[in-house]
Amino acid sequence: MVEISFDFKEKLDTTIGGEMHSYCFQCGACVGDCPSARYSKRGFNPRRIVLQTIVGMEEVLLEEGSIIWECTNCYNCYERCPQDVRPVEVITAMKNMAAKRETNPEDVRSMVKTVETKGMTTVLTALVDKRRVDLGLKTLKEIPVSDIQELLTEKER
Amino acid sequence: MSEEKKYVPFFGCMISVKYPQFEAAVRKTMSKVGMTLVDLDGFTCCPDPIYFKSSDKLTWLTIAARNLCIAEEAGLDITTMCSGCTATLSETRYHLAHDEALKKRVNQRLKKIGKEYKGTVSVRHIVTVLRDDIGIDKVVASVVKPLNGLRVAVHYGCHLLKPSKIMQVDDPDRPTILERLLEAIGAEPVQHDANLLCCGKACMEPDMPAQMTFDILTSIKRTDVDCMGLICPTCFDAYDLGQIKISRQFKTKFDIPIIYYFQLLGLAQGLSPEDVGLNMHKIMPEPLLAKVA
């Protein structure tokens, strides 16, 4: 049986990017131009996902392996939506909620860790500096990682 | 005397670390069109608009705003070379300009490191700066070796154009900016069936992006082009290194050279293939080089 969460709407309303989800009138303009809808074997459908948010299917949407992770972030739905729901942003808001529960994919968590600890998505090696010098570029300066770590939370460290 | 235009370059981590040949191409070509790049210290990852944004949007906005603050302190606009950096910094600028409460929350955190975001600088991908501020005529005037007869499959990627309301670059369904820039250097932009299809890279289900990339490469293969031309290192990653993986996975041989626009511009300005790092690509563009030599 599907569990319904009656306060999911409020939670989304107060998560950045989720605020507009209840304005969806289910026209489906987002689906026609969605590459994930076209390529998904599990039936990814942004219209249905937004409907599920309105109904309150919090557990289905936020559980590990949720279909929301099939979104490619192409922003076609954002372009098409006549109601300014911005399905991709509603999906991203749910990804933020999933991150809090740690039900987001391991690959995402490790990428985020890299940015938090190195200040970059890619790791610097000696080969990089050599390549840069070969191209006539300066070697890279140190990234102020301590600033990033300071900004990760509202609290004082 | 025309005044040199100054911009703060934001190369991002993908270009600085993984594909420095793109940085070299931008630096070497922009000096010839009257664009001065003023380097500033202290930037971090933009941070990335897919994974980091999916983890905690407030922190994403805050770290992006910190990067914007650095340019604000210097009083200069930012130009970006990666569609991902463009997306993060433009979206942040837009959201903080339209949501005072959000700006306050971001500034509360920035206060911890002694910064305040005001919203005084703009962020534009370098192709947009070329078209709107520098002028395509300057690009034309910088060409010494036009790439006549070079057929280039245009690839826009998603984040340069969308959301169009925020990005303000071009019509996302019928863009022309890259075609105009290719024509400016004598090349022939070639349309193909899947030219606006997403590469799928952000999708966490691995079969879907592979199939999308395969379809795009197949669509390009049918057009008999010399290369694919693009303006984003993440797209490049998906099609250069990615092409080898796709060839293996789908047992179909692809050998489409993938070239960053500013490398092509460099060739047209008389730079050597090594000057713009074409020798660092996985799919070597030898037939193309023979054609433009």
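1. The element that contributes most to the lining of the largest pocket is α13(B), with five residues. The model is a predicted one. The volume of the largest pocket is about 1,200 Å³, and 46 residues line this pocket, with Y51(B), K201(B), A202(B), T234(B) and D237(B) closest to its centre. Two or more lining residues come from each of α8 (106-118) of chain A and, in chain B, α1 (12-18), α5 (83-98), α11 (207-221), α12 (233-239) and α13 (241-249).

2. How is the lining of the largest pocket divided by residue class? It comprises 25 nonpolar, 15 polar and six charged residues.

3. The largest cavity has a volume of about 120 Å³. Its lining consists of 16 residues, and those nearest the centre are C34(A), F44(A), C71(A), C74(A) and C77(A). In chain A, α3 (35-39), α6 (76-80) and α7 (87-101) each provide at least two residues of this lining. Eleven of the residues lining the largest cavity are nonpolar, four are polar and one is charged.

4. The second largest cavity holds about 100 Å³ of space. It is lined by 15 residues, of which C24(A), C27(A), G28(A), C30(A) and C81(A) are closest to the centre. Two or more lining residues are given by α2 (29-32) and by α4 (46-55) of chain A. The greatest contribution to the lining of the second largest cavity is that of α4(A), with three residues. By class, this lining contains eleven nonpolar residues, three polar and one charged.

5. Chain A is assigned two parts, domain 1 (6-101) and domain 2 (106-156). Taken over C-alpha atoms, the centres of domain 1 and domain 2 of chain A are 31 Å apart.

6. One residue of chain B deserves a separate remark. H155(B) is found in the loop that runs between β5 (151-154) and α9 (164-167) of chain B. Is H155(B) buried or exposed? H155(B) counts as buried because its relative accessible area is 1%, and the cut-off for buried is under 20%. Apart from neighbours within four places in sequence, the contacts of H155(B) are L178(B), N195(B), L197(B), I216(B), M228(B), G229(B), L230(B), C235(B) and Y239(B).

Terms used: Residues are numbered from 1 along each chain as its sequence is written. Chains are lettered from A and ligands numbered from 1 in the order in which they are written. This is a predicted model: local features need pLDDT of at least 70, side-chain atom pairs count only at pLDDT 80 or more; totals for chains, interfaces and linings use all residues. Side-chain values use heavy atoms; hydrogens and water are left out. On a 1 Å grid over the protein atoms alone, a cavity is a set of points where a 1.4 Å probe fits but cannot get out, and a pocket is an open set with protein on both sides within 12 Å along at least five of seven lines; lining residues have an atom within 4 Å of a point. Grid points are joined across faces, edges and corners, and a volume is the space filled by probe spheres set on the points. Helices (H or I, at least four residues) and strands (E, at least two) are DSSP runs, numbered from the N terminus. Ala, Val, Leu, Ile, Met, Phe, Trp, Tyr, Cys and Pro count as nonpolar, Asp, Glu, Lys and Arg as charged, and the others, Gly among them, as polar. Domain bounds come from an automatic or database domain assignment. Buried means under 20% relative accessible area, exposed over 50%, partly exposed in between (1.4 Å probe, protein chains only). Contact means heavy atoms within 4.5 Å.
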